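Hi everyone, thanks for coming.

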Amino acid sequence: MTAPPLLQLRDLSVDFSTDMGIVHAVDRVSFDIGTDEIVALVGESGSGKSVIAQAIMGLLGVGGAGRNARTSGQLRFRGRDGAAIDLLTLDAEERRRLRGRDIGMVFQEPMTALNPVLTVGEQIAELLRVHAGLTRAQAAAEAVARLAEVGIAAPAERAKSYPHQMSGGMRQRVLIAIAMACQPLLLIADEPTTALDVTVQAQILELMRTLKRRTRMSVLFITHDFGIVAELADRVVVLYAGRMVEEGSATDIFASPRHPYTEGLLGAVPRLDLASDTIGAVAILPGTAPDPLAFPAGCRFHPRCTHARPGLCDGKAPAMTALAGARRFACHVRASA
Amino acid sequence: MLRYLAGKGFRSVLTVFAVLLITFVAARISGNPFQFLYDDGLTQEEQAALDQEFGLDRPWPAQFVSYLGQIARGNFGRSIAQRRPVVHLYAEAIGPTLRLAALSFLATVAIGLPLGLTAALARHSALGVAAMGVAFVGYAVPHFLLAIILILIFSFYLNWLPSIGSETWWHFIMPTITLSAGLIAAIARYLRGEMLGVLSQDFVRTARAKGLPESMVIGKHAVRNALIPVITVLGLKFNGLVSGSLIVETVFSFQGVGQIFIGSVQLRDYPVLQFGVIAFALTVVVVNFLVDALYAVVDPRVRRSG
């Protein structure tokens, strides 16, 4: 990959001040999203992956949500003109204009993410009017074309439908059409298939793959499902309790995970190729995700880690160890091994 | 949709019929108009002659059937007290009443909706809290009390506004405030609650993720959804506006239909009373019907399932 990265996260931190104290939801996270690359951001719920997505979108602190959020670090984004800008230095209006145009986002809940009182055609068209300055008629026609693009049959009729007249899979296609309407440089997909049943899940993933190939956009795919990562991702970033624990190409991570947490996650993927009598033996990560108000000192994973060494892992946070092939991981034990 | 409307229409007719029947019987149980009109008393013969003139000598079921026949032909009878057609009495008085209702409704929409919206959007600031404080007071104070307080302040002490009659626009200020205060408060409180609910919905987040200007996120995506249940509440509250207008018109000595209606109750002027009840019931029924229709316009989920 010779082209410069589309987005560089540098020491991105997000703190929320709550009544109960300060939550360091994201702690100095740094990684790149290359041009024409699919990066999977993997972690359990509460690991901070959705917060990173909202920070990139600039949705923290917009409206009521995240009023109490404080974001620091850098988000260097290479715009359509090729110049890199730090998104965090832009004002609210500039960020709004990037949203939906240069950065699109697909959410987890297709059943509730569409406005129930507007036709799906209008929900695509309004975006084109705002960002591309199309007229009402142009935008309506364009919306139909976008629906066709995401594989919706009879798009002209469907454009006049309301969300409640559509299935979950169809609504997710509409949401993808919305996110893709302005041909964004970056698409953020926040667990877009979690709420769908398995066959529809496969269709949606196939659609995203096709669209990605056609448009050469970059994708940040947020998931907790390594099955999806294997199907889709070029590169993987593993997050635990707001910190990066491992990064590398999908092939490398599957072949030889370095961090014990990544190992645990990979072990927790149900394998259909194993004999049925071993299915019950799917490995489960012991313990539960830590309380964000009181993350453990040192390596945040050490209380659940079978390899943890007292006096080492509960002391200071492990630094990133870099390996060949842009691989990095943060583990005291494995770094010294 | 047509079947839905037909069903609604049939139920509405039944409602009005039931209301009329109850009024018809209740009025006759409570007394004879001539006892109230001639308080020095009547002889047996005089009473019988008057009863016969107005058909009150016949059994109640017969009276009811012939009354139904009359109104089916559009004839609502004559006032017993004034000996003039009932419809004329109401027609002469409807002006001030309609004006008061329209002003109150306008005030409700024009003040209540912005107040509720402000309270929702500025909920963390002093402005939003103040808006809700005002609304709460409006909600808690009953019509008659508010009317008397207003009269005391603006007519009795300050002498700024007339407290009796309905001749000029000045006469309408205090009645409008009295009648709409509770409605404004109810609508504002309700819209605020709905807005807060809608603003945390996923589709609002989607609208923001699309990069729409905040004015569009609020005005197009959030408000439209928040207004749907508010329309229902407006419809329900309209019934309160009808009954409230009777009280308000009485307190401010309005020359409106309220006075005629209340007078007919006091005198047991059956034809006037019955027409008033039919008219009020019909108004409520028609408004509720319109609310249902409006509901279908703003909420596509209702439109298809009807």
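**A helix across a sheet**

Let's start with helix H1 of chain A, residues 49-57, which lies across strand S1 (7-18), S2 and S4 of chain A and runs at about 110° to S1(A). A few words on terms: helices (H or I, at least four residues) and strands (E, at least two) are DSSP runs, numbered from the N terminus. Axes are lines fitted to C-alpha atoms, for helices over the stretch in contact, and angles run from 0 to 180 degrees between N-to-C directions. Contact, or touching, means heavy atoms within 4.5 Å.

Before I go on, this is a predicted model, where local features need pLDDT of at least 70, side-chain atom pairs count only at pLDDT 80 or more, and totals for chains, interfaces and linings use all residues. Residues are numbered from 1 along each chain as its sequence is written, chains are lettered from A and ligands numbered from 1 in the order in which they are written, and side-chain values use heavy atoms, with hydrogens and water left out.

Okay, the sheet under that helix. It is an open one of four strands in chain A, ordered S2-S1-S4-S5, with antiparallel pairing. Two strands pair if DSSP finds at least two bridges between them. Strand S2 (21-33) and strand S5 (84-86) of chain A are at the edges with a single partner strand each, so one side of each has no neighbour in the sheet. From one strand to the next, the twist averages 10°.

Now look inside it. S1(A) and S4(A) run antiparallel and are joined by eight bridges; Val14(A), for instance, has Thr71(A) in S4(A) as its bridge partner. Which residue in S5(A) is the bridge partner of Phe77(A)? That's Ile85(A), while Arg78(A) stands opposite Ala84(A). The hairpin of these two strands has five residues between them, and there Gly82(A) takes a positive phi near 90°.

On to the other sheet I want to show you. This one is open too, with eight strands of chain A in the order S6-S7-S8-S3-S9-S10-S12-S11, and its pairing is mixed. Its edges are S6 and strand S11 (321-323) of chain A; each has a single partner strand, so one side of each is left without a neighbour. Neighbouring strands are turned by 20° against each other on average, direction ignored.

Strand S7 (residues 186-190) and strand S8 (residues 218-223) of chain A run parallel here, joined by five bridges. Leu187(A) has Val219(A) in S8(A) as its bridge partner. Helix H7 of chain A, residues 198-215, packs on this sheet, touching strand S3 (38-42), S7 and S8 of chain A, and its direction makes about 160° with that of S8(A).

Then there are the charges. Side chains of opposite charge can pair when their charged atoms come close. Our rule for a salt bridge is a side-chain nitrogen of Lys or Arg within 4 Å of a carboxyl oxygen of Asp or Glu, and over all chains the count comes to 31. One of them joins Arg216(A) and Asp36(A), with the closest N and O atoms 3.3 Å apart. Arg216(A) is in the loop between H7 and S8 of chain A, and Asp36(A) in the loop between S2 and S3 of chain A, so this pair ties together parts 180 residues apart in sequence.

Last stop, the two chains together. How many residues of chain A are in contact with chain B? It's 31 residues, facing 25 residues of chain B. The buried area, meaning the accessible area (1.4 Å probe) that two parts lose on being put together, summed over both, is about 2400 Å², with 58% from carbon and sulfur atoms. Phe107(A), Val117(A) and Glu126(A) supply 22% of what chain A buries against chain B, more than any other three residues.

The rule finds three salt bridges across this interface. In one of them, Lys220(B) meets Glu126(A), the closest N and O atoms being 2.8 Å apart. As for elements, helix H3 (120-132) and helix H6 (168-180) of chain A are the ones that give two or more residues to the side touching chain B, and H3(A) gives the most, with seven residues.
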